[in-house]
Amino acid sequence: TIIAAGISYGVDLEKKYNAGIVKSIPSGFLPPEPPAVSMFGDMMASAFSIAIVAYAIAVSVGKVYATKYDYAIDGNQEFIAFGISNIFSGAFSCFVATTALSRTAVQESTGGKTQVAGIISAGIVLIAIVALGKLLEPLQKSVLAAVVIANLKGMFMQVLDVPRLWRESKADALIWVFTCIASIILGLDLGLLAGLVFALLTVVLRVQFPSWGKLGSVPGTDIYKKVTRYKNVIEPEGVKIVRFSSPIFYANIDGLRSSVQSSVGFDAVRVYNKRLKALRKIQKLIKKGQLKATKNGIISDSGTTNEAFEPDEDPEDPSELDIPTKEVEIQVDWNSDLPVKVNVPKVPLHSLIFDFGAVSFMDVVAVRAMKTIVKEFERIDVRVYIASHLDHIMKTLELCAFFDDTIQKDKFFLTVHDAVLHIHNQITHRDIQDPIFEKISLMQELKEPIEFTETNQNEEFDVQEEAMRRLAL
């Protein structure tokens, strides 16, 4: 700088070669003035955008060198420091105080690491403003540009890191490229603001389209992993486990519904509507006399029966044919062949578990949608459970009236494995339930011996018949 300024002064580069020089540098400081309150309304929008961009530049540059030299910065402290600096400097008609990329790079490349370097730099600037301004007036602008470019060489070389960043994170690589191009085209301030908005947009998009997957258990453990990534995991029979790795809010409710539908393989609403259609046709056929309603099921005159039931041996009373189906206790196995031509989708599962371990929050819209999903599955006889939820998720569900007579807190479990064990226990209990099992359970609850009396053969048959009746119900 000294040599270039001397050559420019001695050769007179400005007049002979029309070279661009610094020219006039005012010396001294302007007297302090109170702020022009009347201009606040006109400056509010510009001041807000400048403050955001200036703070973003300062924190970004600070994090770059903090990572390089292995220390941490406090964003709140930086915010306070810049606020006080701008309030003080504003009284002296100064520029907005922020981080200068070129000056920071120059100081770092010359070995400055502590606040002492900043004090020395500020002292030199003070001397230049007060006394040395005249000596630097013939300095060429090209020399200043060369100093800046030479010290920003390290930052320019970061372009070579884009391929590596693309392999690590495509979203971060896109943010880097977009911000760089925007800064070149729009300028540094607007470019950084555009990059900030673009980064927020990518976050919104990633939250709106989160990852999800079906889980299976690692054999012999209580660990559950995605079935698409691990070969040896096994899905429990009749159970689907769905993990949704994102907060649930109004923007990704449709994503939650589609992920659930893809995981279970059917649409619960469509299944329910098809079943209603089949029941209406069955009711019409019963009224026409083409089907007969019995205690065990439905019988077609043409011989087509519901395979889930055994027809009654006793002939039907003709007067019973006019009884509506809703007044007759008929159990229908929807996975068997029906005596009506309605294609009812098969439901190969009896339980659905939601893994909410990665759900950080839910809004009101999400709670209502989740309640609707639970009831849609419950009415087609698929039990829904929620596992690994955070404590504040439960509080949110309570405040948003998620629980009612149908949805109780016994559907929530600490882990996915606890929910799976509960389901297996329920199925096992249902399969082995008989009068003797009921007596043993009663004895365990009362903790007192139950007196057993001998019964004749007819009474034993009565007990078995009663047990079969309860099991059928």
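Modeller: This is a predicted model. Its largest nonpolar core has 34 residues, and those touching the most other members are Ile248, Leu352, Phe354, Met362, Phe377 and Phe402.

Biologist: Which elements give two or more residues to this core?

Modeller: They are strands E3 (239–245), E6 (351–355) and E7 (383–387), together with helices H12 (253–264), H13 (268–288), H14 and H15. H14 supplies the largest share, seven residues.

Biologist: What makes Val239, Ile241, Ile353 and Val420 part of a second core?

Modeller: A core is a set of buried nonpolar residues joined through side-chain atoms within 4.5 Å. These four are included in a separate set of 12 residues.

Biologist: Which residues does phenylalanine 354 touch, not counting residues up to four places away in sequence?

Modeller: Phenylalanine 354 touches Val242, Val260, Met370, Ile373, Val384, Tyr385, Ile386 and Ala387.

Biologist: Why are Ile393, Met394, Thr396 and Leu397 of helix H15 called buried?

Modeller: Buried means under 20% relative accessible area. These four residues of H15 (391–399) are the buried ones, so each falls under that cut-off.

Biologist: How do you know that they are on the same side of H15?

Modeller: Their arc around the axis is only 160°, which puts them on the same side. The face turned away from the buried side carries Asp391, Lys395 and Leu399, which are exposed.

Biologist: What covers the buried residues of H15?

Modeller: The cover includes helix H14 (364–378) and strand E8 (412–413).

Technical notes
Residues are numbered from 1 along each chain as its sequence is written. This is a predicted model: local features need pLDDT of at least 70, side-chain atom pairs count only at pLDDT 80 or more; totals for chains, interfaces and linings use all residues. Side-chain values use heavy atoms; hydrogens and water are left out. Buried means under 20% relative accessible area, exposed over 50%, partly exposed in between (1.4 Å probe, protein chains only). The arc is that of the directions from the helix axis to the C-beta atoms. Contact means heavy atoms within 4.5 Å.
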